[in-house]
Amino acid sequence: MGLLELLNGARWGVHPHDDHKRPAADVPLRVMPLPKRLCVPLLQHVGAPAKPCVAVGERVLRGELIARAQGNVSAPVHAPSSGIVTAIGEVTAPHPSGLPFAAITIELDGKDEGLPTAESVDPFGLEPAEVSQRIADAGIVGLGGATFPSAPKAQLGRKLAVQTLVINGGECEPYLSSDDSIMRERAGEVIDGVRILMHATGAAEALVGIEDNKPEAIVAMRKAAEPFAAIKVRPVPARYPMGSDRQLVQVLTGKEVPSGARTASIGVLVNNVSTCAAIHRAVRTGEPLYRRIVTVNGGAVAQPGNVFVPIGTLIEDLLAFVGLKETPARLVMGGPMMGAALPHAQVPTVKGCGGILALTAAEITVADPSPCIRCGSCVKACPMGLVPLEMVARIHAGDYEGADKLAIDDCLACGCCAYVCPSHIPLVQSFSHAKGEIWKRAQQKKRNEFTKGLAQARTERLEREARERAEAAAKRKAARAAQTAAATGSQETSA
Amino acid sequence: MLAAILSLTALGLTLGLGLGYTARVFAVEGNSLVSELADMMPGTNCGQCGLAGCGAAAEAVAGGTVPATVCPGGGVALAQAIAAKLGITLSLEGMEDKGPMVAEVAEDICIGCGKCMKHCATDAIVGAAKQIHGVLHEACTGCGGCMEDCPTGAIVLRPLPVTLRDWNWTKPALAA
Ligand code: SF4
Ligand code: SF4
């Protein structure tokens, strides 16, 4: 904790007494054998879904492009191994709703034939724009879980002349250690990725923030970063949610990101350590993002640890590889604080998935909520300076606007408030619901305006048509009158 | 002569400015509650409430002659919003929450008469005479007006399919 912080008495976040990271974090990295089938989703990032560019029945090779990016903020998808495309359609999404989303299913042939390996290039001989292009072509997205495409992010950094890169090795969620594992085992790749990213964005320095509960990673990263004076490895106190962009930036640079703004607005760009390693492979060797390290952990797992997994692997295959001691009471993608409960195990892993937890009933028990005692613990714990007890009161009174005014938009859904609440009030769960509700209402309003416009256009059209009909009728009548007049006129003359 | 012109001009100006000023400062707003309520309504004047359009419905709701659940197109969400605005407790009797609905034309029984198209207040139905008609999801308010006009009963209201984007958590229960 910094001196300033001590004086201010600022103390956000929580410090879970057991972070459950070990022993899984200390087991050497394993590579998962190829499963029989992969379901590679088209939307694994923030932005527009990728568009398939292969057909059912086609054979694809490892690293081959199977779906193209669409629009500026999007990312392409590549085949993680060789096989035949057997379906392009819906599979269950790794989402608590159990709703479907589009994916390309590949039956693997086990040969794992790859595209001919591209020549390795020197990234520092390339223009920054070219480096960004290679990052975009490889389908790299933020692997810390936010999954924002990395290339547009780097371009934004360049445009705003960002001077500082913050490299996120926080990994503050309990149970997870995939970033820890990549820093321990592949520190060289991470640091090289950081250098490439500095070149692509034009940043002058990079601060690598690593929580001090990962001493092995700090040693390895310090060693790898030694030759580069512009890259500084900075241990930060282990405190959840240190891995959140804003919190890490604040601790490392002392600057606070304004409400509703991005870190880039204060001259800082944040990237995750695993993303940096992926950037290293993409730019140096042209390897697209088709596999990643996933922590498999939880009380129900027989051999927890970190596993190199092809993207699109079904959770059931992954669990079969690590073995189960008992039937898990809950499956979670991500960490226990912010992860998504899965509907079942037949869902694919995605680029942003850093962990799969198979938790036992004992690990997920929550006590029944009792009334708020107004202790203020939630206020103290909230890293965003919000007032959870007030927000939850408004939400349950149906006053979503009131919750909105209390800046519920800034809520990270980190869950600190619910974690510390002695009354076990479902605080963060209420906020997630309210955010959805507020979004829905805004959407409904837009829809209303749209349909109102349509109704108006229709009324105008009907009026115009009626007018035109009346005019035409009047004209016909006039013409008929003229005709009759002419006829009578001629009769008169002939008479 | 000049004095008369000047004095009349001065008089006119003062009175005019005075009138303008009072018109602004002491303006009586149209019933703002009614217009706010009207803004919340779908605004398509579909007439499914049995009143003469959304404006009339808003007036009736504000006057308390009809319940907050008056608008079938707006559904429970609108009823709740109206109740919150009026500060009344809502009785959802006779109104199940089916969520947003859209009309759907059963292709096998549509005879292409085009009657539904004429009824639709938002031009959400497309098709040509003797052809199967279809409904544009984005434009349909789910008022159900077209259903009544279809001679073959080919139109039904279905819930708008939920996607990953608009799925939401249910509100968690608090202590009893
Ligand atoms: S921590 Fe829980 S009990 Fe304490 S003030 Fe917040 S909501 Fe109320
Ligand atoms: S209110 Fe949101 S940001 Fe604050 S502690 Fe709760 S979940 Fe985290």
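Strand E7 (residues 83-92) and strand E8 (residues 100-108) of chain A run antiparallel and are joined by 9 bridges. Strands here are DSSP runs of E, at least two residues long, and helices are runs of H or I, at least four, both numbered from the N terminus. Two strands count as paired if DSSP finds at least two bridges between them. Within this pair, Ala87(A) stands opposite Thr105(A) in E8(A).

The pair belongs to an open sheet of 4 strands in chain A, with the order E2-E8-E7-E4 and antiparallel pairing. Which strands stand at the edges? They are E2 (37-41) and E4 (59-60) of chain A; each has a single partner strand, so one side of each is left without a neighbour in the sheet.

Before going on, a word on the source. This is a predicted model, where local features need pLDDT of at least 70, side-chain atom pairs count only at pLDDT 80 or more, and totals for chains, interfaces and linings use all residues. Residues are numbered from 1 along each chain as its sequence is written, chains are lettered from A and ligands numbered from 1 in the order in which they are written, and side-chain values use heavy atoms, with hydrogens and water left out.

The model scores ipTM 0.81 and pTM 0.85. Chain B averages a pLDDT of 84, and 94% of its residues score at least 70; pLDDT is the predictor's confidence in each residue, from 0 to 100.

Now the ligands. Around ligand 1 there are 13 residues, and Cys372(A), Cys375(A), Gly376(A), Cys378(A) and Cys421(A) come nearest. A residue is near a molecule or strand if one of its heavy atoms lies within 4 Å of it. This shell divides into 9 nonpolar, 3 polar and 1 charged. Ala, Val, Leu, Ile, Met, Phe, Trp, Tyr, Cys and Pro count as nonpolar, Asp, Glu, Lys and Arg as charged, and the others, Gly among them, as polar.

Ligand 2 has 14 residues around it, with Cys382(A), Cys411(A), Cys414(A), Gly415(A) and Cys417(A) nearest. Helices H12 (388-396), H14 (416-420) and H15 (427-494) of chain A are the elements that give two or more residues to that shell. By class, the shell around ligand 2 has 13 nonpolar residues, 1 polar and no charged ones. In the loop between H14 and H15 of chain A sits His424(A), which has a positive phi of about 55° although it is not a glycine.

Next, the two chains. The contact (heavy atoms within 4.5 Å) takes 33 residues from chain A and 35 residues from chain B. Together the chains bury about 2600 Å², 60% of it on carbon and sulfur atoms. Buried area is the accessible area (1.4 Å probe) that two parts lose on being put together, summed over both. On the side of chain A, Arg447(A), Lys452(A) and Arg458(A) lose the most area to chain B, together 21% of what that side buries.

How many salt bridges are there between chain A and chain B? The count is 2. A salt bridge is a side-chain nitrogen of Lys or Arg within 4 Å of a carboxyl oxygen of Asp or Glu. Arg458(A) forms one with Asp123(B), the closest N and O atoms being 3.4 Å apart.

Over all chains, the search finds 25 salt bridges. One of them links Arg22(A) to Glu216(A), with the closest N and O atoms 3.2 Å apart. Arg22(A) lies in the loop between helix H1 (3-8) and strand E1 (30-31) of chain A, and Glu216(A) in helix H6 (residues 215-225) of chain A, so the pair ties together parts that are 194 residues apart in sequence. Arg22(A) is also joined to Pro23(A) by a cis peptide bond, with omega about 10°.
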